[in-house]
Amino acid sequence: VRRRPCVLAPWHLRLDWLMWFAVFGENVNRYPWLVSLMDKLLSDPSAVSGLLEELPFEGKPPKAVRATLYDYKFANATEGGA
């Protein structure tokens, strides 16, 4: 075992998992931690480095970060799709 497990039982608290669920909200104000994460990545990446496996920024903050919002359309039982 060379690293900590990425899941904290009994919840699924991986950062990528939490970010995926955050996009289901219509209002970013419901997820202030996500806005704070983006802010810290831009101003002081070392403050949130423990949340990431590695910092891909070469020793300095990035100029920009991007979050992409997808608009999922789920099929109903009559449409099929699985």
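Pro45 is buried (under 20% relative accessible area, with exposed over 50% and partly exposed in between, for a 1.4 Å probe and protein chains only), because its relative accessible area is 8%. This is a predicted model, in which local features need pLDDT of at least 70, side-chain atom pairs count only at pLDDT 80 or more, and totals for chains, interfaces and linings use all residues. Residues are numbered from 1 along each chain as its sequence is written, and side-chain values use heavy atoms, leaving out hydrogens and water.

**Surroundings of Pro45**
- Pro45 lies in the segment after α2 (32–43); helices are DSSP runs of H or I with at least four residues, numbered from the N terminus.
- Not counting residues up to four places away in sequence, Pro45 touches Lys40, Leu55, Phe57, Pro61 and Pro62, where contact means heavy atoms within 4.5 Å.
- Pro45 and Pro61 are 16 residues apart along the chain, and their C-alpha atoms are separated by 6.0 Å.

**Contact of α1 with α2**
- In α1, Leu15, Leu18, Met19 and Ala22 meet Trp33, Leu34, Leu37 and Met38 of α2.
- Leu15 also touches Leu51 and Leu52.

**Nonpolar core**
- The largest nonpolar core has eight residues in all: Leu15, Ala22, Tyr31, Leu34, Leu37, Met38, Leu41 and Val48. Such a core is a set of buried Ala, Val, Leu, Ile, Met, Phe, Trp, Tyr and Cys residues joined through side-chain atoms within 4.5 Å.
- Helices α1 and α2 each supply at least two residues of this core.
- The largest share, four residues, comes from α2.
- In soluble globular proteins, nonpolar side chains tend to be buried together.
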